[in-house]
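Visitor: Walk me through this one, please. Keep it plain.

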Amino acid sequence: MDRQTAFGRQRERFLVSTDLTPRRAADSTTVLSVVMELVHANNAGYVHGGTIMRLVDTAAGIAAIKHARRRVVTVAMDDMSFLAPVYIGDLVTVRAMVNDAHRTSMEIGVRVDVETVPSGETRHVASAHLVFVGLDENGKPTRVPPVIAESDDEKRRQAQARIRREQRLVRKRALGEAASEAR
Ligand SMILES: CC(C)(COP(=O)(O)OP(=O)(O)OC[C@H]1O[C@@H](n2cnc3c(N)ncnc32)[C@H](O)[C@@H]1OP(=O)(O)O)[C@@H](O)C(=O)NCCC(=O)NCCS
């Protein structure tokens with residue numbers, strides 16, 4: 001089979017996977033490490049917040065695909081604060097894992113740490129929660145597998161993810177109602 005056909009078949013399977021067997025949160029673990037270069041920073045040598053946000057979205061997207069084994073899209077990113085600056089030469093490590101899944105949506109927790117390589121000094125620079133939705137072959141939201149939380153940390157994150165989900169839905173409903181009243 002030529003490479004193009006093999007790729008096409010693999011992609012087709014990816015788009016139509018219907019395996020909804022519950023999966024362990026830990027199986028979605030994703031770690032990205034990138035050294036910050038000139039292209040990531042402004043003239044003063046500080047890394048752009050958008051560079052970090054892009055890495056966060058990428059790591060979270062990979063974790064979501066590992067869990068759902070299908071195409072996913074970012075639907076929301078909760079407030080993200082930058083706790084410390086990042087400089088050219090720093091090693092940025094982004095860790096992502098699925099916290100919880102509902103019908104078609106998943107919450108992914110992401111933590112960003114930075115190491116100043118020569119000194120080995122590390123610092124926590126950001127954390128975020130993102131919501132991804134699994135899509136079917138027509139680009140419509142489709143079911144994703146439930147999450148099995150095993151460790152105490154995973155159980156805590158799953159319980160907190162459920163509270164955040166309720167809050168997002170309340171906010172979305174309230175904003176929708178305010179928009180209809182204003183029309
Ligand atoms: C994702 C998308 C298909 C969802 O469409 P929709 O009409 O809102 O679909 P639904 O109402 O069925 O919602 C699907 C799921 O998303 C969740 N959701 C929708 N809007 C949300 C929001 N603002 N925050 C959190 N979750 C949200 C719903 O709760 C639902 O989850 P559930 O099935 O687990 O209960 C649509 O919003 C979309 O295409 N967005 C653009 C995504 C994209 O292009 N991202 C890349 C950014 S460039």
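This is a predicted model: local features need pLDDT of at least 70, side-chain atom pairs count only at pLDDT 80 or more; totals for chains, interfaces and linings use all residues.

Visitor: Fine. How many helices and strands does the protein have?

Guide: There are three helices and seven strands. In sequence order they run α-β-β-α-β-β-β-β-β-α.

Visitor: And what are the overall dimensions along the principal axes?

Guide: The C-alpha trace spans about 60 × 45 × 40 Å. The protein has 183 residues, and 28% of them count as buried. Among contacts with a separation of 6 or more, 75% are between residues 24 or more positions apart.

Visitor: There's a ligand. Which residues are closest to the ligand?

Guide: Ala76, His102, Arg103, Thr104 and Ser105 are the closest, out of 13 residues that surround it.

Visitor: Which element gives the most to that shell?

Guide: Strand β3, with four residues. β3 covers 72-77, and β6 and α3 (152-182) also supply at least two residues each.

Visitor: How does the shell divide into nonpolar, polar and charged?

Guide: Six nonpolar, four polar and three charged.

Visitor: Switching to the core. Which residues touch the most other members of the largest nonpolar core?

Guide: Val56, Ala60, Ala64, Val98, Ile108, Val110 and Phe132, in a core of 34 residues. At least two core residues come from each of α2 (49-68), β4 (91-101), β5 (105-116) and β6 (121-134). Helix α2 gives the most, with eight residues.

Visitor: Take Ala64. What does Ala64 touch, beyond four places in sequence?

Guide: Val72, Val98, Met106, Ile108 and Phe132.

Visitor: Back to α2 as a whole. Which residues of α2 are buried?

Guide: Ile52, Leu55, Val56, Ala59, Ala60, Ala63, Ala64, His67 and Ala68. For the spacing of such a list, recall that an α-helix has 3.6 residues a turn, so residues three or four places apart point the same way.

Visitor: What covers the buried residues of α2?

Guide: The cover includes β1 (23-24), β2 (30-35), β3, β4, β5 and β6.

Visitor: What span should α2 have, and what does the model give?

Guide: At 1.5 Å a residue, its 20 residues should span 28 Å, and the end C-alpha atoms are 28 Å apart, so the two agree.

Visitor: What comes just after α2?

Guide: Arg69, with a positive phi of about 55 degrees. Arg69 is in the loop between α2 and β3. As background, most residues other than glycine have a negative phi.

Visitor: Is Arg69 buried or partly exposed?

Guide: Arg69 is partly exposed because 19 other C-beta atoms lie within 10 Å, whereas a buried residue needs 20 or more.

Visitor: Now the sheet. How many residues of β4 are buried?

Guide: Eight of its eleven, so β4 is mostly covered. β4 pairs antiparallel with β2 over six bridges, and antiparallel with β5 over ten bridges. The link from β4 to β5 is a hairpin of three residues.

Visitor: Which residue in β5 is the bridge partner of Val92?

Guide: Val114.

Visitor: And which residue stands opposite Arg95?

Guide: Val31 stands opposite Arg95 in β4. Besides Val31, Arg95 touches Val110 and Arg111, leaving out residues up to four places away in sequence.

Visitor: How far is Arg95 from Ala60?

Guide: They are 8.3 Å apart, C-alpha to C-alpha, and 35 residues apart in sequence. Arg95 is partly exposed, with 17 other C-beta atoms within 10 Å.

Visitor: One more. Where is Thr116?

Guide: Thr116 lies in strand β5. With 14 other C-beta atoms within 10 Å, Thr116 is partly exposed. Past its neighbours within four places, Thr116 is in contact with Asp90 and Glu121.

Visitor: How far apart are Thr116 and Ile88?

Guide: 9.7 Å in space, C-alpha to C-alpha, and 28 residues in sequence.

Terms used. Residues are numbered from 1 along each chain as its sequence is written. A nonpolar core is a set of buried Ala, Val, Leu, Ile, Met, Phe, Trp, Tyr and Cys residues joined through C-beta atoms within 7 Å. A residue is buried if 20 or more other C-beta atoms lie within 10 Å of its own, exposed if 12 or fewer, and partly exposed in between; C-beta atoms are placed from the backbone. Two residues are in contact if their C-beta atoms, placed from the backbone, lie within 7 Å. A residue is near a molecule or strand if its C-beta atom, placed from the backbone, lies within 6 Å of it. Ala, Val, Leu, Ile, Met, Phe, Trp, Tyr, Cys and Pro count as nonpolar, Asp, Glu, Lys and Arg as charged, and the others, Gly among them, as polar. The expected span of a helix is 1.5 Å times one less than its number of residues. Two strands pair if DSSP finds at least two bridges between them.
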